[in-house]
Amino acid sequence: MNHKEALFLGMICFGLYGCDSSNDSRTLAEQFAYDPTTQVFEDDPHTSVFISALKMTGLDTEKIKNISFNIKTKDGNFAKPVSVTYDWSYLSSNGLYDSANNSLQLPIFGLYSGYLNELTIDIKYIDDSIYSFQKEIPTANYVDSAGIYDNVSISIKPTATPSYSYFYLKGALKSPIIMDVDGEVRWDADIKRVSSSSAFINNAFWTGNIKNAATRIDVLSLYGKSGTLHINGTTMGSDAYFHHNIDLGKQGILIELDGTTNGTLKIESFLSEIDESGNVIKEWDLGKIFSEYMVQEGDDPSNFVRDGVDWFHMNAATYDPTDDTLVISSRENFVVKLDYNTGKLIWLLGDETKHWYSYPSLQKLALSLSSGQTPIGQHAVSMTKDGKLMLFNNGRRSFNNPAGTPAGIDLASSQTAIFDIDNHNRTAQVTWSFDDGIYSDICSSIYEDKLATQGDFLINYAAADNRSKVVIQGINKDKQKLFEFSYPSPTPCATSWNAIQIPLEHIHFQ
C-alpha cells in the first residue's frame, strides 16, 4: 500500500466509520501518511560539499525505532553504498530533533562531490516495518583548500569491490580525509590541524593535540559536530603533547605523549592508555623499563636510554589479546613486546647491526629470525585477525644513535610483512611479505581489514619518490593490486602519515 492509499483509507475511517486504529491490521509503515516532496527538504548548514542534512517534519516520533540513509554508488564504481543508521534515541538526545516543532535534522555525509546524489531514506518503526522514500541531493565540485586532495592520480582502478570500500588519510595539513576505493574523496571537514595522531572511535575522529602543551583530544563526528576530551591523571606533566599514533588498547586507546616527569624530559618513549572519558588506565615509561632491566642484567644503560634525546622514537603500539601483552614500535631500534600488567620485557625484533645489539642484556631478548627481513625503521605495528604481527618495514637506518655507534643498514626498497612469532622458543619467521620496489623511508603503514572474513590490505607509502608523493594501494593476500592512487606531498608525511580502513558502508549511531 502506498502513502496515498494509506491517507485515503485513513480519511474513510475518520469520516465515515470512526475506525479504531488499534484494530488496524496494517503495519505502522503502511499507516504512515507522508509526502517527502513537501515534508522533507535539504537544509544544509555545512560548508563541506560532502556533508549535508535533511529537515524532516510531520514524523510520528513515538513509534520510530531508527532512521537510515543509503547513498547509491555511481554507475561503474565499486565502493559499496554509504549506509548510515541513526537510532531514534541518538537523534533525540543529540540536539537533532526539535520536539516543539516536530522537526528533525537528519545528518547526511559521504556524498559524492559535483554530482546528483541519489539517496534512499528508511524510517523503521517499532514493529520493524519500514517506510522508504528517495531523495536527491546535488553537490558542488570539491575544491581542496590545501590544494592536494582534489589532485589524485589513479594508476589502477578496481575491477571488483575489495573487502573494504573506504579509508581515511591522516596527515599534517587538515583533519582526516576519507576516500573510497574508486579514488573519490568522500569526506573532508576542512579543519586545519595536524591529524597524524588520529583514530576513528565511536563514529568520530579523535585527534590528539600536537606540539601545544595541552593533553586534550579534539573529537569530530562524521556530520561535523565537534567537542573536546581532556586527559586526566597522566604523569607526563602540564607540558605534555601528542606525537605519532593513537591505537586501540586493551580497554581503551593507546596514546603516545612527550612531556616531563620528575623534571626529566621524556621524548617519544612514554605510552599511556586512556578510557573513553579521558581517564588514564595505565602508563608505561619505556626508558625506565629498559634502564631497570639492563642494570639488573649487569649492563650500563646510560648510552642507550638517554633522556632528553629521541633515543626510542615510539611511533605505534598495539595490544595483543592472545597473551595480554603490548607490541611497540621503536623506530630507532626494534619492535618490542612487553607484559601489559608488569611491563616486563619479553622479546625484541630488529636490525642486529644497530647499536642496541651491542648490549648482552638486549641480545638476550632478541628473537631468532629464520626467514625474511628484520624490521628496520618500521611503522604501523598491528596484530592480524589470526594473531600475527604485521608492520610496514620502511628500511631506513637509525637517525639518533649515539655518536660513534652503528646506525644499522638501509634497504633498497620498503616492504610490508607479517611475522609468525613463537614466544616460547624465541623464534620468528616472515610468513607473508610484499615489496613493490617503492622506497618510503619514514611514516607509512599497512593495515588489514579486520571486519571481513578474508580481509584485504591497505598500504600507504607516505614518503615515496624521495618524499615527494604518497602512493596508496589496495592489495590482497595473493599480492594482487586491487587499486592504486597517488597524491603530491609538499613536505614529508604531510599529505598522509598513514591510512586506515573505515566502515562507511555500515555506520550505526546508537
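Which residue in β29 is the bridge partner of Leu 391? In this predicted model, the partner of Leu 391 is Ala 417, and the two residues belong to a pairing in which strand β28 (residues 389-393) and strand β29 (residues 415-422) run in the antiparallel sense over five bridges. In general terms, the strands of a sheet are paired through hydrogen bonds of the backbone, in either a parallel or an antiparallel arrangement. The sheet to which these strands belong is open and consists of five strands in the order β26-β30-β29-β28-β27, with mixed pairing. At its edges lie β26 (368-371) and β27 (379-383), each of which pairs on one side only. When direction is ignored, neighbouring strands of this sheet are turned against each other by 30° on average.

At the start of α5, a side-chain oxygen of Asp 285 comes to within 3.1 Å of the backbone nitrogen of Gly 287, while just after the helix Gly 298 adopts a positive phi of about 95°.

Charged side chains were considered next. Side chains that carry opposite charges can pair when their charged atoms come close, and in this model the count comes to 27 salt bridges. In one of them, Asp 324 is joined to Lys 250, with the closest N and O atoms 3.1 Å apart. This pair links distant parts of the chain, since Asp 324 lies in the loop between β22 (314-320) and β23 (325-330), whereas Lys 250 lies in the loop between β17 (241-248) and β18 (253-261), 74 residues apart. Asp 324 is buried, with a relative accessible area of 19%, whereas Lys 250 counts as partly exposed at 34% relative accessibility.

Another salt bridge is formed by Glu 448 and Lys 385, whose closest N and O atoms are 3.2 Å apart. Here too distant parts of the chain are linked, with Glu 448 in strand β31 (residues 445-448) and Lys 385 in the loop between β27 and β28, 63 residues apart. Glu 448 is buried at 7% relative accessibility, while Lys 385 is partly exposed, with a relative accessible area of 37%.

The side chains of Glu 484 and Lys 481 also meet in a salt bridge, at 3.2 Å from N to O. In this pair Glu 484 is buried, with a relative accessible area of 14%, and Lys 481 counts as partly exposed at 31% relative accessibility.

Methods: Residues are numbered from 1 along each chain as its sequence is written. This is a predicted model: local features need pLDDT of at least 70, side-chain atom pairs count only at pLDDT 80 or more; totals for chains, interfaces and linings use all residues. Side-chain values use heavy atoms; hydrogens and water are left out. Two strands pair if DSSP finds at least two bridges between them. Helices (H or I, at least four residues) and strands (E, at least two) are DSSP runs, numbered from the N terminus. Axes are lines fitted to C-alpha atoms, for helices over the stretch in contact, and angles run from 0 to 180 degrees between N-to-C directions. A salt bridge is a side-chain nitrogen of Lys or Arg within 4 Å of a carboxyl oxygen of Asp or Glu. Buried means under 20% relative accessible area, exposed over 50%, partly exposed in between (1.4 Å probe, protein chains only). A polar contact is a pair of N or O atoms within 3.5 Å; within protein, one must be able to donate a hydrogen and the other to accept it, and residues adjacent in sequence count only if both atoms are side-chain atoms.
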